[in-house]
Amino acid sequence: MLSIEILKQNDVGATLSQECLEQVMPILDQNAFRKEVSAGETIHNVGDTIHYITILEEGSASSYCYTKKGEQILFFLFRQNESIGMLSIAGQSTYRADMVADKPGKVIYIPRENYLKAMQKSPEFLRAVLAYICAKADEQLDISILARFKYANDRICYYLYQQCMRTGDMQVPIQQSIENMANYLGLSRSVLSKGLHALEKAGVVKLETGKVIVLDLEKLKDSI
């Protein structure tokens with residue numbers, strides 16, 4: 001089922017040495033299986049117990065949460081080769097959002113206990129998994145907070161403010177494309193663009209190719 005080439009392309013495996021990959025691959029492969037999914041198919045539901053770490057071998061998927069009024073909000077966007085459910089290794093036992101395939105693809109299911117065994121076997125794999133979990137935990141915390149903001153302006157301002165505070169840099173890169181940033185914030189491209197231009201007109205930010213330059217951090221904070 002698994003191969004070293006698949007692990008190399010995975011977000012966790014990409015950081016590992018060849019020796020480590022060869023060591024953990026047989027462990028991770030035990031009882032793993034592949035499933036083809038169609039566009040719109042549910043991969044898991046909120047509240048489901050996490051028995052497997054899943055890897056999107058092909059395709060992409062979106063997870064959704066809901067406001068108290070039942071409004072659906074994009075919670076996270078998973079792309080090809082990303083891992084899903086890694087926070088379960090740190091103790092999370094159930095999924096916190098529904099996940100749906102955006103287009104036809106393939107999902108690899110790896111028993112959660114395989115990761116625990118591989119972490120015990122290889123210190124390098126242990127370090128890589130823990131580093132990934134820490135990064136994802138911070139990211140998902142931000143996303144869960146973003147999901148609570150009803151208005152687009154609040155989401156945009158909160159995101160820009162958090163990025164500045166986290167990095168100490170007033171230049172916030174637009175990763176890959178404006179569409180990716182919009183997906184992350186759970187907004188349409190046009191709504192995000194309109195919000196950013198409104199902030200620029202107010203003198204809070206300056207827009208440049210591939211980045212947003214924050215000119216007034218306190219005013220940005222007050223806009224949330």
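1. E58 is partly exposed in this predicted model, with a relative accessible area of 36%. K106 forms a salt bridge with E58, the closest N and O atoms being 3.9 Å apart. This pair links distant parts of the chain: K106 sits in strand β8 (residues 105–111) and E58 in strand β3 (residues 52–58), 48 residues apart. K106 is also partly exposed, at 25% relative accessibility.

2. The salt bridge between E58 and K106 falls within the definition because the cut-off is 4 Å and the N to O separation is 3.9 Å. A search of the whole structure gives six salt bridges.

3. Another of these joins the side chains of E41 and K35, at 3.4 Å from N to O. E41 has a relative accessible area of 23% and K35 is at 34%; E41 counts as partly exposed, and so does K35.

4. β9, β10 and β11 form an open sheet in the order β9-β11-β10, with antiparallel pairing. The edge strands are β9 (171–173) and β10 (205–208), each pairing on one side only. Twist from one strand to the next averages 20°.

5. Four bridges connect β10 and β11 (residues 211–214) in the antiparallel sense. One of the bridge pairs is V205 with V214 in β11.

6. Helix α5 (residues 152–167) lies across β9, β10 and β11 and runs at about 110° to β9. Helix α7 (residues 189–201) lies across β10 and β11, at about 125° to β10.

7. The side chains of E208 and K206 meet in a salt bridge of 3.5 Å, N to O. Salt bridges with shared partners join K206, E208 and K211 into one network. E208 is partly exposed at 33% relative accessibility, and K206 is partly exposed at 38%.

Technical notes:
Residues numbered from 1 in each chain as written. Predicted model: local features only at pLDDT ≥ 70, side-chain atom pairs only at ≥ 80, totals over all residues. Heavy atoms only, no water. Pairing = 2+ DSSP bridges. Helix = DSSP H or I, 4+ residues; strand = E, 2+ residues; numbered from the N terminus. Axes fitted to C-alpha atoms, helices over the stretch in contact; angles between N-to-C directions. Contact = heavy atoms within 4.5 Å. Buried < 20%, exposed > 50% of the residue type's maximum accessible area, 1.4 Å probe, protein only.
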